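Please look over the sequence and the model together before reading on.

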Amino acid sequence: MNDGHGRIDTPPANCAQCDAVCCRLTVVLQPEEQFPAHLTTTLPSGLRVMAQDEEGWCVALDGARMNCGIYDSRPAVCRRFVMDGPYCHAVREEYFEQRDGGIPLALR
């Protein structure tokens with residue numbers, strides 16, 4: 001999917017038809033955000049984040065439907081993540097580069 005200029009030409013983002021790449025990012029929680037303990041963890045640095053499963057997916061992801069299981073109460077940083085916005089494009093481009101290049105995916 002190279003665009004001829006050395007960039008990966010990613011298809012337009014659509015959360016209903018996406019690989020949920022953003023659900024593999026580290027989601028840092030704000031101090032005032034309250035989530036059940038089984039959904040969160042604390043990093044060695046002291047940051048409280050959404051927990052990830054053994055494959056690197058956010059534990060709030062509904063894997064059968066590939067959507068957020070806590071969408072209505074999702075963290076603030078997830079609310080600011082704009083579908084098809086610049087950061088979404090950057091994350092997806094990195095994902096496609098790794099996937100298409102045969103490099104094992106590990107976006108942590």
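T40 has its place in strand β1 (residues 40-42), where strands (E, at least two residues) and helices (H or I, at least four residues) are DSSP runs numbered from the N terminus. This is a predicted model, in which local features need pLDDT of at least 70 and side-chain atom pairs count only at pLDDT 80 or more, while totals for chains, interfaces and linings use all residues. Residues are numbered from 1 along each chain as its sequence is written, and side-chain values use heavy atoms, with hydrogens and water left out.

T40 is buried, with a relative accessible area of 17%; buried means under 20% relative accessible area, exposed over 50%, and partly exposed in between, with a 1.4 Å probe and protein chains only. If residues up to four places away in sequence are not counted, T40 touches L29, F35, R48, V49, M50 and A51, contact being defined as heavy atoms within 4.5 Å.

One of these partners, R48, lies in strand β2 (residues 48-50). R48 is partly exposed, with a relative accessible area of 22%. Leaving aside neighbours within four places in sequence, R48 is in contact with a list of residues that includes V27, L29, F35, T40, T41 and T42. R48 and V27 are 21 residues apart in sequence, and their C-alpha atoms are 8.7 Å apart in space.

| Residue | Relative accessible area |
|---|---|
| T40 | 17%, buried |
| R48 | 22%, partly exposed |
| D62 | 27%, partly exposed |
| R65 | 60%, exposed |
| F81 | 22%, partly exposed |

**Cores**

Which residues make up the largest nonpolar core? This core has 8 residues, namely V27, L29, F35, L39, M50, C58, A60 and I70; a nonpolar core is a set of buried Ala, Val, Leu, Ile, Met, Phe, Trp, Tyr and Cys residues joined through side-chain atoms within 4.5 Å. A second, separate core of 5 residues includes V21, L25, V91 and Y95. A60, a member of the largest core, is in contact with M50, N67, C68, G69 and I70 when its neighbours within four places in sequence are left aside.

**Side-chain pairs**

The structure holds 1 salt bridge, a term that stands for a side-chain nitrogen of Lys or Arg within 4 Å of a carboxyl oxygen of Asp or Glu. The side chains of D62 and R65 form this bridge, at 3.8 Å from N to O. Side chains of opposite charge can pair when their charged atoms come close.

There is also 1 aromatic pair, formed by F81 and Y87, which is edge-to-face with 5.4 Å centre to centre and 65° between the planes. Rings of Phe, Tyr and Trp (its six-membered ring) pair if their centres lie within 6.5 Å, and planes under 30 degrees apart count as stacked, over 60 as edge-to-face and the rest as tilted.

**Helix α2 and the whole chain**

Helix α2 (residues 86-100) has 15 residues. In α2, C88, V91, R92, Y95, F96 and Q98 are buried. They cover an arc of only 165° around the axis, which puts them on the same side of α2; the arc is that of the directions from the helix axis to the C-beta atoms.

The protein chain has 2 helices and 4 strands, which follow the pattern β-β-β-β-α-α along the sequence. Of its 108 residues, 31% count as buried. Among contacts with a separation of 6 or more, 49% are between residues 24 or more positions apart.

Definitions and conventions: Expected span 1.5 Å × (residues − 1).
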